[in-house]
Amino acid sequence: MNKRVLFAGTGPASVQLAVMVKNRLGCKVGLAGRQSFRSRVFFQSLEVNQDHILVSVQNQKNERMIGECKVDHVYPGFETVEGGWDVLVLAVTTDAYIDVLKAIKPEVLKKVQAIVLISPTFGSNSLVKNFMRPVNEEAEVISFSTYLGDTRWAEEEPSHRVITTAVKKKLYIGSSRPSSPIVQSLAALGRELGIELVKMRSPLEAETRNISLYVHPPLFMNKFTLRAIFEGDGPKKYVYKLFPEGPITQQLIRDMRSQWQEMMKILAKLGIAPLNLLRFMTDDTYPVRLESLPRQDIENFEQLLPIHQEYLLYVRYTSLLVDPFSTPDEEGRYFDFSAVPIRKMFINREGELDIPRMPKEDYYRIKIIQGIARYLHVACPSIDKLIGTYEAKLKEMAHIHQEDRRSDAFLVPDFREDVERITGELGADVPERGNTLQNKT
C-alpha cells in the first residue's frame, strides 16, 4: 500500500501507527494535531529530534511493534495541512472527529481516498460518512473496533518516544466499501504483526465489538465511582474491585446486563448480529479459568435467565480480582489484577479543572447510543439511568466549582448534531424509523 497517510492526532497511538505504516507498508506519513499545550510539547520534541519518532515495547513478545522512522510532514494545527493525502487516519477521541474534519481545508479532504477510524464508537462511521458526503462522497470510511493495544509516552511528558505495553490478538474491521484493497492491506499487516483482523459485514457491526461500550458506563456512571472521581479524598478506590474497595455490587452487575440487553435490541433493529457478552469478555478481552466459568455457561449465556446471567457476570469479575494465570508468590498470592485505581478530577495542562478520559469519553459514547435508540424507538431505561446519574454529578460539580476554570467536560450537551448526522445515514437502512430527536436527549 504505497500511499500518503496523514495521522490526525498527536497521542502515543499516532506515533506507534505512523512507525508501522511507514516501515512495513512503505507509505509516506504525516502527523497533524490541534494547537494545545500538550501538542506544543510534542511538536517541540519532534523538532529537536529532526522529526524522528521511536517505539519501544514493555514485553519482548511484542517486539514486532518496535521501530523508528522520520515523519515526512508535520502540521502544528489541522488548518495548516496541505497537499494530497490518500488516507486520513483519525487517531483522536470520537467526540472530536467532526471538529478535526471541519478544521482541515476542504481542498485537502477532496483528495482523500479513505478515512480510517482507529478507536470509533457506535455510529462513528455513519457520522464521518455523513460529514464527507457533500465534500467527497467517494471517500471510503473504515472503522476498527478499537485501538490495537496500549501505547503510552516513554516519559511523563509527550515526546517523540512511546512505549507499547500490550497488543491485542484480535481486532474487528468494517468498511463503507464492500470490496476494499485498503482493508486487505491492513489485514495483511495485521497477520505480519500477529494480530487477527476480522472483517465484519459493515463498519457499524465492527463498532459494536468494543468491550468499553458494555462495561464502562456501569463501572463509571454510578454514585460510588463518581464520588471517587470528584470527591476522592479518602482511601484509594479501584475500578474492577468489589465493594467497598471498588464499585462492583449486585446492582452494578444488574445494570451491566440490562444495558447490554438494550444494546442488543438496538442491534436487532439495525439487522446486526447480537453479541454474547460473556463470550466476548472471555475470548476477546481477559480469559478466566474453566473452573470458574465452564465453557458451556459461556456458550449458552444468551439463552439463560437474567438472574443466571447476572450470576455469571459477577463470577467473571470475582475470578479476575487476581490474574488467574499469573504465577503465585511464596505466600500463594497471585498478581492483583483488579487494582486499577479510579483516576480523580485534575487540573489539565491548560490550567482547567478536568475529568479523566474514563468517564469523559464514555459519556459521549453512551449519549450517542441513547440518541440512536430514541430514533429507533427502542426503550433504554438502564442507559437513561446511567446518563442521568452522571449528568446530575456534572451539574453538582459545575455548581460547586463555578468560580474555577473548568474544561468543556463539565457541560451537559445533547450532541444533537452528531446524532442527526448518524441517524441520517442509518435512515435508509431502517424500515421502521421516525425522527424522534425532538425528544429531550
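Colleague: In which sense do strand 1 and strand 2 pair?
Modeller: In this predicted model, strand 1 (residues 4-8) and strand 2 (residues 28-33) pair in the parallel sense over five bridges. Strands are DSSP runs of E, at least two residues, and helices are runs of H or I, at least four, both numbered from the N terminus; pairing requires at least two DSSP bridges between two strands.

Colleague: Which residue is the bridge partner of Ala8 in strand 2?
Modeller: Ala8 has Ala32 as its bridge partner there.

Colleague: What is the strand order of the open sheet?
Modeller: The order of its eight strands is 5-2-1-6-7-8-11-12, with mixed pairing. Strand 5 (73-76) and strand 12 (196-199) are the edge strands, each pairing on one side only.

Colleague: Turning to Ser175, is this residue buried or exposed?
Modeller: Ser175 counts as buried because its relative accessibility is 8%; buried means under 20% relative accessible area, exposed over 50%, and partly exposed in between, with a 1.4 Å probe and protein chains only. Ser175 is found in strand 11 (residues 170-175).

Colleague: With which side chain does the Ser175 side chain make a polar contact?
Modeller: The partner is the side chain of Glu140, at 2.6 Å. A polar contact is a pair of N or O atoms within 3.5 Å; within protein, one must be able to donate a hydrogen and the other to accept it, and residues adjacent in sequence count only if both atoms are side-chain atoms.

Colleague: Which conventions apply?
Modeller: Residues are numbered from 1 along each chain as its sequence is written, and side-chain values use heavy atoms, leaving out hydrogens and water. Local features need pLDDT of at least 70 and side-chain atom pairs count only at pLDDT 80 or more, whereas totals for chains, interfaces and linings use all residues.
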